[in-house]
Amino acid sequence: LPISGESSATFETNQLMKPAELAAALSSSGNSPHVICVAFPVLYRQRHIAGAVLAGPGSKPEGIEALRSALQKLKTFDAVVLYCGCCPMQQCPNIRPAYAEATKQGFTNVRVLDLRTNFHTDWTAKGYPVAS
């Protein structure tokens, strides 16, 4: 992946989606993006973005396989948002392999949820919609 300034944690600005932007998209009556969680299943079971599908950890072959299965149900031009949030994004073992796989599968509208610190701090604590 292209590496730009440290502030984007190895993703270009146009590859990222701010939590507030995703929360607004999910609450609008328009066409919401498909949200796919590429975190460890235990984290998804505790709390996840309302409506998100679990693919599993992008750092594991079975997680990538589950991501492929989730993506097969979509069109390559559909808006897809991937997220993990297990730890600070620059240390996350799951998000980069998942993003690489989605683009390898031909998806052209894939973004990464910009969870700089972790899911709890950057999503849950801000009051954005969660399910458990």
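Mentor: Arg 116 has a relative accessible area of 33% and is therefore partly exposed; the model in which this value is computed is a predicted one. The side chain of Arg 116 forms a salt bridge with that of Asp 114, with an N to O distance of 2.4 Å. Asp 114 itself is situated in the loop that runs between β6 (110-113) and α5 (119-122). With a relative accessible area of 4%, Asp 114 falls under the 20% limit and is therefore buried.

Asp 114 also has a salt bridge to the side chain of Lys 18, at 3.0 Å from N to O. This pair connects distant parts of the chain, for Lys 18 belongs to the loop between β1 (16-17) and α1 (19-27), and 96 residues separate it from Asp 114. Lys 18 has a relative accessibility of 48% and so counts as partly exposed. Setting aside residues up to four places away in sequence, Asp 114 is in contact with Leu 16, Met 17, Lys 18, Pro 19 and Met 89.

Across the whole structure, six salt bridges are found. One of them pairs the side chains of Glu 101 and Arg 68 at 2.8 Å, N to O. Here too distant parts of the chain are linked: Glu 101 lies in helix α4 (residues 95-104) and Arg 68 in helix α3 (residues 61-72), 33 residues apart. Glu 101 is buried at a relative accessible area of 6%, whereas Arg 68, at 26%, is partly exposed.

Technical notes
Residues numbered from 1 in each chain as written. Predicted model: local features only at pLDDT ≥ 70, side-chain atom pairs only at ≥ 80, totals over all residues. Heavy atoms only, no water. Helix = DSSP H or I, 4+ residues; strand = E, 2+ residues; numbered from the N terminus. Buried < 20%, exposed > 50% of the residue type's maximum accessible area, 1.4 Å probe, protein only. Contact = heavy atoms within 4.5 Å. Salt bridge = Lys/Arg side-chain N within 4 Å of Asp/Glu carboxyl O.
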